[in-house]
Amino acid sequence: MSLFDMISEKLNDEETSSMVAKSVGTTPDKVQKVTQLGLPALSQGLVRNSSTKEGAESLNRALDKHQDESFDNVKFVI
């Protein structure tokens, strides 16, 4: 499963989308819609930024910094 798929699955989870919706004052279906639109844009940005040597190195450092973290228990604080 790709990172994109894992994040999308987590954000489209009913409990997670309800928690996010409540924290920003909207509905779970709107959270899911924004997720569907926003994640591809974020992915494209990552691809674009990592297309240069410097960008790829920067992304790699960021990923290394968080490699031992899990997002299975993500809590949204807004």
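Thr-35 counts as buried, at 8% relative accessibility. Buried here means under 20% relative accessible area, exposed means over 50%, and partly exposed is in between, with a 1.4 Å probe and protein chains only. Before going on, the sources: this is a predicted model, where local features need pLDDT of at least 70, side-chain atom pairs count only at pLDDT 80 or more, and totals for chains, interfaces and linings use all residues. Residues are numbered from 1 along each chain as its sequence is written, and side-chain values use heavy atoms, with hydrogens and water left out.

Thr-35 sits in helix H3. Helices are DSSP runs of H or I with at least four residues, strands are runs of E with at least two, and both are numbered from the N terminus. What does Thr-35 touch, leaving aside residues up to four places away in sequence? The list is Leu-11, Asn-12 and Pro-40, where a contact means heavy atoms within 4.5 Å. Asn-12 is 23 residues from Thr-35 in sequence, and their C-alpha atoms are 7.6 Å apart.

Next, helix H2, residues 14-24. Its buried residues are Thr-16, Ser-17, Val-20 and Ala-21. They lie on the same side of H2, because they cover an arc of only 130° around the axis; the arc is that of the directions from the helix axis to the C-beta atoms. Their cover includes H1 and helix H3, residues 28-49. On the face turned away from the buried side, H2 carries the exposed residues Glu-14, Glu-15 and Lys-22.

Just after H2, Gly-25 has a positive phi of about 75°.

Helix H1 covers residues 3-11 and contains Met-6. Is Met-6 buried or partly exposed? Met-6 is partly exposed, with a relative accessible area of 32%.

Finally, the whole chain. The protein has four helices and zero strands, in the order α-α-α-α from the N terminus. Of its 78 residues, 14% count as buried. Among contacts with a separation of 6 or more, 51% are between residues 24 or more positions apart. The accessible surface is about 6,200 Å², and 55% of that belongs to carbon and sulfur atoms. Those areas come from the Shrake-Rupley method with a 1.4 Å probe, and for residues only the protein chains shown count as cover.
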